[in-house]
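Reader: Hello! I am new to this structure and would like a friendly tour, one question at a time. Could you show it to me before we start?

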Amino acid sequence: MAMKKKEIILWVLVALALAANIWLPKQHRKYSWERDLSQRLAADFCATREEVKDYVKNYIPDVTDAQIDEWTASGKLENMQIGKETRYFNHAGPNLFRIVPELVEIKAKAEGEAQGTLSGRRKDDADIIPLIRADVADAIAAGSDNPYLAQKKRIRFSYSITVPANTLRRGSTLRCWLPFPRQDVAKQTDIKLIRAGIDSVDIPESRIVHSDPACHHSSIYFETKVKEGRSTTFYEVFEYTLAGEWHPIDPETVLPYDKNSELYKENTSERSNIVFSDRIRSIADSLTRGIDNPYLQAKAIFTWVDAFPWASAREYSTIENIPEYVLTNGHGDCGQVTLLFMTLCRAKGIPTRWQSGFSCHPNGQNLHDWCEAYFEGCGWVPVDQSFGVSSYSDYFYFGGLDPYRLIVNNDFSGELSPAKKYPRSETVDFQRGEVEWEGGNLYFNQWDYEFNVEFLD
């Protein structure tokens, strides 16, 4: 009889272990970055050869296997070995028609666009640039020394993150960080949190934790317990005012750097994703050969990087060295080309620092990254590498920034405040927010985000 009791106890323990394995998410296992990275790569490289070929057929109906093989071997169709299979980046098909010039034109013709408009270059709303140009012209005519343009925008920004029902066990604690406007940026002012809450219920300000002002990633944080069979939505609504910015710099006024200053040392140094490889040094030297003025050196680098076409990016956390990735693959999104510009400048002793958040242009709202460059005697000036030179801006984005932004970050790859226990879903940037529970991080494919921009003036 005693033996039977032991057997019953054993079977109960086995049943409990099985139940735990069913109801607890995989993150409950002891955390491993190697396993985490493999899961992230599998999420990005999830397209099959057949799916990619079917996409290409939309524009090249008679595409051959030999062509697919050629684009695969060259990396123009970005791919990776996942297990025993060759898998393609989930945006490999669309990217092919952004980075190969002859295919850009094929897609443009098929969609009735003017040739070259689908090269991946970000397209602005037609009304934005004339407004900026007019404001800049007025500022120059008035002889104003104020870099912040009279043109301002009052914006109401709504943001939410939703974790679907049954993602976690009932009673688990969900921790959430939502992006929030930086309050230490001169052109971004009058910031006001209207409301924030969970599941359509506003929560008191006392339960909301604002990030430390010194933190490089500006956020608000709150947490809640998971309810059985119910999704969880964290939300915020805030307003802010943003001014355009323009620094018309005369290169002759740029002074030699104080190379002993902390500003110079910190912003010309190497770090993660800013590595002075032999290739980086060689390119930086080649682009600036015969140019001594740091402003003109940076402008030459800006012009050269501008030639890289925009393409949808895999998650930054899966790339060991982003600038080298751009050089190898011949394309990059806004943050990738920004890091390339920053690295090339720093390799020549020109201070640069990261800035990012959202672009809030009418009909063109998205996550967005840019940076700032420092010129002695002029100070920090904005540089939006992915908006580039282009005929509509005449280098406006080399020293200028339009008033359609939300500035969240003044550096990359920093700690959140309060700190996360597990590695972030986005280990470089911070825009979509972050979610974790006591057992691990919740990756981007485990929750959804939405945002809305409303202009109040």
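Reader: Where is the place of Leu401?
Author: Happy to start there! This is a predicted model, where local features need pLDDT of at least 70, side-chain atom pairs count only at pLDDT 80 or more, and totals for chains, interfaces and linings use all residues. Residues are numbered from 1 along each chain as its sequence is written, and side-chain values use heavy atoms, with hydrogens and water left out. Helices (H or I, at least four residues) and strands (E, at least two) are DSSP runs numbered from the N terminus, and Leu401 belongs to residues 400–401, strand S13.

Reader: Is Leu401 buried or exposed?
Author: Relative accessible area decides this: under 20% is buried, over 50% exposed, and in between partly exposed, with a 1.4 Å probe and protein chains only. Leu401 has a relative accessibility of 1%, so Leu401 counts as buried.

Reader: Which residues is Leu401 in contact with, leaving aside its neighbours within four places in sequence?
Author: Contact means heavy atoms within 4.5 Å. With the neighbours within four places set aside, the contacts of Leu401 are Lys187, Gly244, Glu245, Gln355, Trp370, Pro382, Asp384 and Phe396.

Reader: Phe396 and Trp246 form an aromatic pair; which kind is it?
Author: Rings of Phe, Tyr and Trp (its six-membered ring) pair if their centres lie within 6.5 Å; planes under 30 degrees apart are stacked, over 60 edge-to-face and the rest tilted. Trp246 is in strand S9 and Phe396 in the loop between helix H13 (390–393) and S13, so the pair ties together parts 150 residues apart in sequence. Phe396 is buried at 6% relative accessible area, and Trp246 is buried at 16%. With 5.4 Å centre to centre and 20 degrees between the planes, the pair is stacked.

Reader: How many aromatic pairs does the count come to?
Author: One example is Phe180 with Phe238, which is edge-to-face at 5.2 Å centre to centre and 70 degrees between the planes. Phe180 and Phe238 also belong to one aromatic cluster, along with Phe157, Tyr159, Tyr240, Phe358, Tyr449 and Phe451. By the ring rule, the count of aromatic pairs comes to 33.

Reader: Which residues lie nearest the centre of the second largest pocket?
Author: On a 1 Å grid over the protein atoms alone, a pocket is an open set of points where a 1.4 Å probe fits, with protein on both sides within 12 Å along at least five of seven lines; lining residues have an atom within 4 Å of a point. Helix H8 (262–267) and strand S10 (352–361) each give at least two residues to this lining. Of the 24 lining residues, those nearest the centre are Arg353, Gln355, Glu372, Trp380 and Asn410.

Reader: How far is the charged end of Arg353 from the centre of the ring of Trp380?
Author: A charge sits over a ring if NZ of Lys or CZ of Arg is within 6 Å of the ring centre and within 35 degrees of the ring normal. The charged end of Arg353 sits over the ring of Trp380, and its distance from the centre is 4.0 Å.

Reader: In which strand is Val163 found?
Author: Val163 is buried, with a relative accessible area of 2%. Its C-alpha atom is 9.0 Å from that of Leu442, 279 residues away along the chain. Val163 is one of residues 148–163, which make up strand S3.
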